[in-house]
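User: I am new to reading protein models and would like to go through this one with questions and answers. Could we take it step by step?

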Amino acid sequence: MEVSQIRGYTLTCKFEALLQNFECHITGVYAPNCNIERRKVWWEIGVVRGLVEGPWSVCGDFNVTIFPSEKINCLRRSRAMVEFSDFIDDMNLIDLPLEGDHVPGSLQCGYWEYTKSYFKFDNWWLNTKGFIDRIKEWWTSFEFSGRPNFILACKMKSLKGKLKEWSRSSQGNLGLQKTNMLNQLAMLDSTLEYRALTEEESVKKASLLMEYEEHLKNEEIEWR
């Protein structure tokens with residue numbers, strides 16, 4: 001097996017059966033529950049489609065179905081379902097009539113030794129409103145006695161602990177922020193399937209999209 005493509009929502013591997021002189025590609029997908037983000041998944045798979053040759057399978061959790069009957073309490077075909085169906089046709093894929101429950105699996109290869117996680121300062125924190133003031137407040141609240149270098153070391157250790165605790169909150173964690181925004185956008189998209197949004201909901205959606213654009217900038221800073 002050879003990993004040939006890793007993208008935001010997809011992982012593509014190449015499998016070879018040397019004795020049978022056969023090879024194929026499999027793309028694993030985990031799509032978000034948001035129409036806007038899900039379109040990026042279709043684009044990613046389209047890129048892979050242009051690179052692979054021979055047998056190719058796409059599988060995973062697409063977070064959308066083709067027909068209303070495949071979704072509980074769904075009575076009409078949504079726009080997301082139509083887009084998914086069009087995508088399958090565009091990629092010349094065949095939708096296999098598979099049914100069943102989600103069964104998680106765990107695969108461990110070799111020996112994995114647990115190591116203590118290290119602390120990482122994310123540069124995007126500096127763009128967070130009130131972050132510098134919070135650092136100053138924490139720093140002045142620490143009280144230690146002893147030689148200057150000892151006091152500095154103790155304060156740095158305490159500050160590290162505060163930052164680690166803060167990084168697990170929604171304000172300091174990009175993953176939690178993204179999940180929260182996408183969930184809210186998904187709810188608004190679901191509402192839009194059966195009625196028009198109210199003025200308040202439209203304003204909220206516009207605000208969420210602006211926040212999401214800012215979030216993407218912070219993600220880019222984090223990757224640097």
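User: How do the axes of H1 and H2 cross, and is H1 roughly parallel or roughly perpendicular to H2?

Analyst: This is a predicted model, in which local features need pLDDT of at least 70 and side-chain atom pairs count only at pLDDT 80 or more, while totals for chains, interfaces and linings use all residues. Residues are numbered from 1 along each chain as its sequence is written, and side-chain values use heavy atoms, with hydrogens and water left out. The axes of H1 and H2 (lines fitted to C-alpha atoms, for helices over the stretch in contact, with angles from 0 to 180 degrees between N-to-C directions) come within 11 Å and cross at roughly 0 degrees. Because angles under 35 degrees count as roughly parallel, over 145 as roughly antiparallel, 65 to 115 as roughly perpendicular and the rest as oblique, H1 is roughly parallel to H2.

User: How do the residues of the contact of H1 with H2 divide into nonpolar, polar and charged?

Analyst: Contact here means heavy atoms within 4.5 Å, and on the H1 side the residues are Asn-35, Arg-38, Arg-39, Trp-42 and Ile-45, which meet Arg-79, Ala-80, Glu-83, Phe-84 and Phe-87 in H2. Ala, Val, Leu, Ile, Met, Phe, Trp, Tyr, Cys and Pro count as nonpolar, Asp, Glu, Lys and Arg as charged, and the others, Gly among them, as polar. The residues of this contact therefore divide into 5 nonpolar, 1 polar and 4 charged.

User: Does the span of helix H4 agree or disagree with what its 20 residues should give, and what is the distance between its end C-alpha atoms?

Analyst: The expected span of a helix is 1.5 Å times one less than its number of residues, so the 20 residues of H4 (residues 148-167) should span 28 Å. The distance between the end C-alpha atoms agrees with this, at 28 Å.

User: Is Cys-59 buried, partly exposed or exposed?

Analyst: Cys-59 has its place in strand E4, and beyond its neighbours within four places in sequence it is in contact with Ile-26, Thr-27, Gly-28 and Val-29. The C-alpha atoms of Cys-59 and Thr-27 are separated by 6.3 Å, although these residues are 32 apart along the chain. At 36% relative accessibility, Cys-59 counts as partly exposed.

User: What is the relative accessible area of Asn-92?

Analyst: Asn-92 is found in the loop between H2 and H3, and has a positive phi of about 60 degrees although it is not a glycine. Asn-92 is exposed, with a relative accessible area of 64%.

How values were computed:
Helix = DSSP H or I, 4+ residues; strand = E, 2+ residues; numbered from the N terminus. Buried < 20%, exposed > 50% of the residue type's maximum accessible area, 1.4 Å probe, protein only.
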